[in-house]
Amino acid sequence: MALLIIYTGNGKGKTSAAMGTAFRAVGQGLRVMMVQFIKGSWHYGELDTAKMLGDDRFQMVPMGRGFVKIGAEKPDPQDVELVRQCWEFGKEKMMSGRYELMVFDEINYAINYGMLPPEEVADTLKQRPENVHVILTGRNAHPLLVEMADLVTEMKEIKHPFEKGILAVRGIDY
Ligand code: ATP
Ligand code: MG
């Protein structure tokens with residue numbers, strides 16, 4: 001029974017929850033592929049941890065450029081292109097059935113900014129091999145995907161050190 005899982009909301013912990021699940025899955029012999037729609041410019045600790053587990057067990061592929069210009073009327077065509085590449089890559093991996101857990105990190109963000117049509121994602125998810133669990137992360141999960149999902153958790157911010165001016169902390173945020 002393969003599940004569609006969504007971690008969304010404004011509080012911290014969405015990507016961490018996906019990685020925690022990946023850690024558990026690897027221990028159970030599942031192969032995991034995580035494609036990251038936004039990350040790319042920074043070096044995150046998890047990239048090295050995934051390598052320690054071995055590429056055949058846990059593969060993490062950052063395909064973004066680290067940020068997306070927001071607030072503009074239309075998304076930057078370069079960002080749209082990166083999102084497209086990331087989606088096509090992840091889609092192929094998911095459809096191959098080689099990975100029993102696929103994580104599409106920050107895909108909700110890409111959909112929310114109009115860089116990827118939610119219907120296309122939904123249709124592809126419906127056609128995936130039946131042994132493949134999928135996790136989608138990012139704020140503002142699309143209602144269509146929330147509707148389809150088996151498990152949806154909304155991270156709710158109660159406090160974040162950012163409010164006190166504490167920026168990203170090594171080992172906790174990256
Ligand atoms: P994490 O990767 O730590 O699990 P996340 O996936 O829930 O966080 P994102 O929306 O992907 O959060 O944001 C990534 C970065 O922004 C993280 O470094 C995180 O600490 C920071 N962040 C997350 N939530 C907040 C918040 N509510 N206020 C300020 N910064 C935040
Ligand atoms: Mg995240």
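Helix 3 and helix 5 of this predicted model are roughly parallel to each other, because angles under 35 degrees count as such, and their axes, which are lines fitted to C-alpha atoms over the stretch in contact, come within 11 Å and cross at roughly 15°. The contact, meaning heavy atoms within 4.5 Å, is made on the helix 3 side by residues including Arg84, Trp87 and Met95, and on the helix 5 side by Glu120, Val121, Thr124 and Leu125. Helices here are DSSP runs of H or I with at least four residues, and strands are runs of E with at least two, numbered from the N terminus.

The largest nonpolar core has 29 residues, and those with the most contacts inside it are Phe37, Phe104, Ile107, Val134 and Leu136. Such a core is a set of buried Ala, Val, Leu, Ile, Met, Phe, Trp, Tyr and Cys residues joined through side-chain atoms within 4.5 Å, where buried means under 20% relative accessible area with a 1.4 Å probe, protein chains only. Its largest share, 4 residues, comes from helix 3. Apart from this core lies another, of 17 residues, among them Tyr7, Ala18, Ala25 and Leu47.

The magnesium ion (ligand 2) has as its protein donors, counted within 2.8 Å of the metal with water not among the atoms, Thr15 (OG1) and Glu106 (OE), lying 2.1 to 2.2 Å from it. Thr15 lies in helix 1 and Glu106 in the loop between strand 4 and helix 4, so the pair ties together parts that are 91 residues apart in sequence.

Residues are numbered from 1 along each chain as its sequence is written, and ligands are numbered from 1 in the order in which they are written. Local features need pLDDT of at least 70 and side-chain atom pairs 80 or more, whereas totals for chains, interfaces and linings use all residues, and side-chain values use heavy atoms, with hydrogens and water left out.

Methods. Buried means under 20% relative accessible area, exposed over 50%, partly exposed in between (1.4 Å probe, protein chains only). Donors are N, O and S atoms within 2.8 Å of the metal (3.2 Å for Na, K and Ca); water is not among the atoms, so sites may look incomplete. Axes are lines fitted to C-alpha atoms, for helices over the stretch in contact, and angles run from 0 to 180 degrees between N-to-C directions. Angles under 35 degrees count as roughly parallel, over 145 as roughly antiparallel, 65 to 115 as roughly perpendicular and the rest as oblique.
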